[in-house]
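Subject: Structure handover

Hello,

Here is the structure we talked about. Please open it next to this note; my findings follow below.

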Amino acid sequence: MGSGGWLSFCNDNRIPHRPGSGRKNIEIRCPYCGISDQSKNMGLSLDSTKWGCWREKDHRGISPAKLIRELLKCSHSEAMGLARTYFEWNGTFIGRKEDISFVSISKPPEFHPFTFNDRNESHFINYIENRGLDPEVIARRFDLHYAMQGNFSWRLVTPIKFEHRWYTYVARAISKQDPIRYKACPKEITTTRPADFLFDYDNLSGGKLLVVVEGLFDVFKISSTFIPGVHATCLFGKVITSHQILLLQKLALKYDKIAISLDPDAYAGGVQMLINLQWFISNLIFIPVNTCDWGDKEIPTIKKELIAHV
């Protein structure tokens, strides 16, 4: 904890407060509830940056700067400065476990790595080529596998790794007739889900720009541009989880810019994500995706669009 925390902040800024239950927090009127809160329903943790209203679940958070701005009606930069003063806060989570401690899994025996010598691979190679990608480059770069039998038969398998170990995987059907496009590792095998990680985290070594997208093929396409210092990762969906925020904060220290760039149908969600993340990551930008997803664009088009943001 930093220099005084919430108690010092409230005392110095004359914000009325009272001791909370259990003596681990103090209580103030919720600034988001306004005059409807007449009994100090917001608790401020004395050993972390957490704050929360007991009346409204949406009035909770862990960014001290966000609440400070609301309480004092000051600017974003002023709020960030005060957060550093009272919490020695640089945007990271305080009072929470930062490291992922999930259990890794073994690679299923029915999953085969690409050798480019086995005729069974031709169906999967053709699928990758039809997506506008170089199969050998993509398969070797992301350690892609394929399955010919079992519950994941006729699927292209992408391992989700952390510290070079398998934790889960995502399997993409190569047949257009399959009603289920993606399947993940069953819950009885793993304690994790893809959204607990940022894809390709181990290989995101830093550079000019990290593009945060929705899906795997978005990453494959961006990586295929081979723009120096430009990398991509995905959220496996349209929302960002708390574990992903922790990992993205660490990556933000390695890149000049972090770009949120979700699919066109998630434009509003991408903007809101940017607004929420700015309290934790200072070098964020937003890259709108026009007309179609990154995964459906031609590589020269992607290259041209991204270079404009480097």
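The protein exposes about 15,600 Å². Carbon and sulfur atoms supply 49% of that area. Keep in mind that this is a predicted model.

Overall picture

The protein has 310 residues, and 47% of them are buried. Its C-alpha trace spans about 75 × 45 × 30 Å along the principal axes. The secondary structure comes to nine helices and 14 strands. Take the contacts between residues at least 6 apart in sequence: 58% of these join residues at least 24 apart.

Confidence

The mean pLDDT is 90. Of the residues, 95% reach 70 or more. One stretch to treat separately is residues 93-99, where the pLDDT is below 50. In the model, this stretch still has 22 contacts beyond near neighbours in sequence.

Strand β4 covers residues 51-53 and pairs with β5 over two bridges, in the antiparallel sense. Gly 52 has Arg 60 in β5 as its bridge partner.

Salt bridges

Searching the whole structure gives eleven salt bridges. Here are some of them.

- Glu 27 and Arg 18 meet through their side chains at 2.7 Å, N to O. Glu 27 counts as buried because its relative accessibility is 10%, under the 20% limit. Arg 18, at 35%, counts as partly exposed.
- Asp 196 bridges to Arg 193, with the closest N and O atoms 3.3 Å apart. Asp 196 is buried at 6% relative accessibility. Arg 193 is partly exposed at 45%.
- Glu 305 bridges to Lys 297, with the closest N and O atoms 3.4 Å apart. Lys 297 is buried, with a relative accessible area of 5%.

There is also a network: salt bridges link Glu 214, Lys 238 and Asp 265.

Val 239

Where does Val 239 sit? Its place is in the loop between β12 (230-234) and α7 (242-252). Is Val 239 buried or exposed? Its relative accessibility is 60%, so Val 239 counts as exposed, the limit being over 50%. Leaving out residues up to four places away in sequence, Val 239 touches Gln 244 and Met 273. Ala 195 is 44 residues away from Val 239 along the chain, and their C-alpha atoms are separated by 8.9 Å.

Over to you.

Best regards

Technical notes: Residues are numbered from 1 along each chain as its sequence is written. This is a predicted model: local features need pLDDT of at least 70, side-chain atom pairs count only at pLDDT 80 or more; totals for chains, interfaces and linings use all residues. Side-chain values use heavy atoms; hydrogens and water are left out. A salt bridge is a side-chain nitrogen of Lys or Arg within 4 Å of a carboxyl oxygen of Asp or Glu. Buried means under 20% relative accessible area, exposed over 50%, partly exposed in between (1.4 Å probe, protein chains only). Two strands pair if DSSP finds at least two bridges between them. Helices (H or I, at least four residues) and strands (E, at least two) are DSSP runs, numbered from the N terminus. Contact means heavy atoms within 4.5 Å. pLDDT is the predictor's confidence in each residue, from 0 to 100. Accessible areas come from the Shrake-Rupley method with a 1.4 Å probe; for residues, only the protein chains shown count as cover.
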